[in-house]
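Work through the exercises below with the model open. Try each task before reading its solution.

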Amino acid sequence: MNNIRRIATSLAKLMAVLGGLLLIFLIVMTCVSIVGRGFNTIGNMSFVKENMSSIAGFLQQFAPITGDFELVEISMALAIFLFLPWCQLNRGHASVDLFTQRLLSGRGNEYLALIWEVLLVVITVVITWRLYAGMRDKMLYNETTFLLTWPVWWGYAACFIAGLFAVVVGFMSLIIHWSERNETIHSSEQVGP
């Protein structure tokens, strides 16, 4: 069980780090694009052109990054899939246990958590399967992004691969949490009254 936990933790951490690096890239790219757009706008203002032509010429060299919103759109979807394994492994998904904490025993809540974990793995499998189907459709029709003219299936493929890792870690997480539940029950039975 320790090997499964180690592998799942390592894989989930790696995916989360990649997701974090991707978000840092998006932040820097967005800032550069906004600054470029701002400088270009200032350089094209009639007041700046008429009174400070050399500064206007310098500022007009800047521009927003072409296709920045397309990159953000694709990368945000990928980042979500990169963070899924870590969230699944640590049971970090949002939950509302306002009533279950009072109505169910500790074991009941643990069974409910395992049921939700199974459902999350099933949902991740379905989403990953549909990403694959979408990727195949985008490849078939040669659909591209508007400004960058990149094949749309690239984004689907990246999310599909991250989804596969999320499914693997989800199954490992399920095995780990099921094993922990059994160990807890076994140890509480040994202590007994």
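**Exercise 1. Salt bridges**

How many salt bridges does the structure hold?

Solution. The model is predicted: local features need pLDDT of at least 70, side-chain atom pairs count only at pLDDT 80 or more, and totals for chains, interfaces and linings use all residues. Residues are numbered from 1 along each chain as its sequence is written, and side-chain values use heavy atoms, with hydrogens and water left out.

Step 1. Apply the criterion: a side-chain nitrogen of Lys or Arg within 4 Å of a carboxyl oxygen of Asp or Glu.

Step 2. Count. The structure holds three salt bridges.

Step 3. Take Arg37 and Asp68. Their closest N and O atoms are 3.5 Å apart. Arg37 sits in helix α1 (residues 2-43) and Asp68 in helix α4 (residues 68-89), so the bridge ties together parts 31 residues apart in sequence. Helices here are DSSP runs (H or I, at least four residues), numbered from the N terminus.

Step 4. Take Lys138 and Glu143. This salt bridge has its closest N and O atoms 3.0 Å apart.

**Exercise 2. Burial of the partners**

Determine whether each partner is buried (under 20% relative accessible area), exposed (over 50%) or partly exposed (in between), using a 1.4 Å probe and protein chains only.

Solution. Step 1. Arg37 has 39% relative accessibility and counts as partly exposed. Asp68, at 13%, counts as buried.

Step 2. Glu117 and Arg91 also form a salt bridge, at 3.1 Å from N to O. Glu117 belongs to helix α6 (residues 106-141) and Arg91 to the loop between α4 and α5 (100-103), so this pair joins parts 26 residues apart in sequence.

Step 3. Glu117 is buried, at 4% relative accessibility. Arg91 is partly exposed, at 33%.

Step 4. Glu143 is partly exposed, at 34%.

**Exercise 3. Aromatic rings**

Which residues do ring pairs link into a cluster?

Solution. Step 1. Pair rings of Phe, Tyr and Trp (its six-membered ring) with centres within 6.5 Å; planes under 30 degrees apart are stacked, over 60 edge-to-face, the rest tilted.

Step 2. Search the whole structure. Four aromatic pairs turn up. One of them, Phe39 with Phe62, is edge-to-face: 5.1 Å centre to centre, 70° between the planes. This pair links distant parts of the chain, with Phe39 in helix α1 and Phe62 in the loop between α3 (53-60) and α4, 23 residues apart.

Step 3. Read off the cluster: Phe39, Phe58 and Phe62.

Technical notes:
Helix = DSSP H or I, 4+ residues; strand = E, 2+ residues; numbered from the N terminus.
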